[in-house]
Amino acid sequence: MRFLNNEKYPFVDWIIDGKKTETRRLRFSSAYKLYKKYRVTATGNADVKCHIRIKNIYTQDYGDVSEDDAAKEGFSSLIAFRGAMYDIYGNIDDNCLVI
């Protein structure tokens, strides 16, 4: 799985540090399977940084993402999480499903 890992969004570092334990995306590849172990790489870099295991897959309306969810994503607030999602995907309607 590829994640951003830059000065603004150090997602791989957050995964390694245990700060990021959940990931929400607008698109999800059906190739990802529950309980399978995946290599974590940074976008633009093929070096494996660590491994993760998918423990749950579910959908959620973007508007239902909570402060607690944002914290599990590694962010200090829901506003910071929404800012990152905007930077990555652009405008997201609150009724849009995130996976």
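This is a predicted model: local features need pLDDT of at least 70, side-chain atom pairs count only at pLDDT 80 or more; totals for chains, interfaces and linings use all residues.

Q: Which other residue stands opposite Arg53 of strand 3?
A: That residue is Lys37. Strand 2, residues 37–42, and strand 3 pair in the antiparallel sense, and 5 bridges hold that pairing.

Q: Where is Arg2, and what is its bridge partner in strand 2?
A: Arg2 sits in strand 1, which covers residues 2–3, and its bridge partner in strand 2 is Thr41. Arg2 also lies 6.0 Å from Val40, C-alpha to C-alpha, although 38 residues separate Arg2 and Val40 in sequence.

Q: Is Arg2 buried or exposed, and why?
A: Arg2 counts as exposed because its relative accessibility is 60%, and the cut-off for exposed is over 50%. Setting aside residues up to four places away in sequence, Arg2 touches Arg25, Thr41 and Thr43.

Q: Changing topic: which residues have the most contacts inside the largest nonpolar core?
A: They are Met1, Phe3, Val40, Ile52, Phe75 and Phe81, in a core of 24 residues. At least two residues of this core come from each of helix 1 (11–17), strand 2, strand 3 and helix 3.

Q: What does Phe75 touch?
A: Not counting residues up to four places away in sequence, Phe75 touches Tyr9, Phe11, Trp14, Ala70, Ala80, Phe81 and Ala84.

Q: And Asp69, buried or exposed?
A: Asp69 is buried, because its relative accessible area is 11%, and buried means under 20%. Asp69 has its place in helix 2, residues 67–72, and, leaving aside neighbours within four places in sequence, Asp69 is in contact with Glu22, Arg24, Gln60 and Asp64.

Q: What about the pockets, and what is the volume of the largest pocket?
A: The volume of the largest pocket is about 630 Å³. Its lining has 21 residues, and those nearest the centre are Thr21, Glu22, Thr23, Arg53 and Ile54.

Q: Which element gives the most to that lining, and what classes are the residues?
A: Strand 3 gives the most to the lining of the largest pocket, with 4 residues. By class, that lining has 11 nonpolar, 4 polar and 6 charged residues.

Q: What is known of the second largest pocket?
A: The second largest pocket has a volume of about 360 Å³ and is lined by 17 residues, with Leu4, Phe11, Arg25, Ile88 and Tyr89 nearest its centre. Strand 1 and helix 3, residues 78–89, are the elements that give two or more residues to this lining.

Q: Where does the largest share of it come from?
A: The largest share of the lining of the second largest pocket comes from helix 3, with 5 residues. The residues of this lining divide into 9 nonpolar, 2 polar and 6 charged.

Q: One last thing: where is Tyr35, and what is its phi?
A: Tyr35 is in the loop between helix 1 and strand 2, and its phi is near 70°, which is a positive value in a residue other than glycine. Tyr35 is also exposed, with a relative accessible area of 53%.

Definitions and conventions:
Residues are numbered from 1 along each chain as its sequence is written. Side-chain values use heavy atoms; hydrogens and water are left out. Buried means under 20% relative accessible area, exposed over 50%, partly exposed in between (1.4 Å probe, protein chains only). Contact means heavy atoms within 4.5 Å. Two strands pair if DSSP finds at least two bridges between them. On a 1 Å grid over the protein atoms alone, a cavity is a set of points where a 1.4 Å probe fits but cannot get out, and a pocket is an open set with protein on both sides within 12 Å along at least five of seven lines; lining residues have an atom within 4 Å of a point. Grid points are joined across faces, edges and corners, and a volume is the space filled by probe spheres set on the points. Ala, Val, Leu, Ile, Met, Phe, Trp, Tyr, Cys and Pro count as nonpolar, Asp, Glu, Lys and Arg as charged, and the others, Gly among them, as polar. A nonpolar core is a set of buried Ala, Val, Leu, Ile, Met, Phe, Trp, Tyr and Cys residues joined through side-chain atoms within 4.5 Å.
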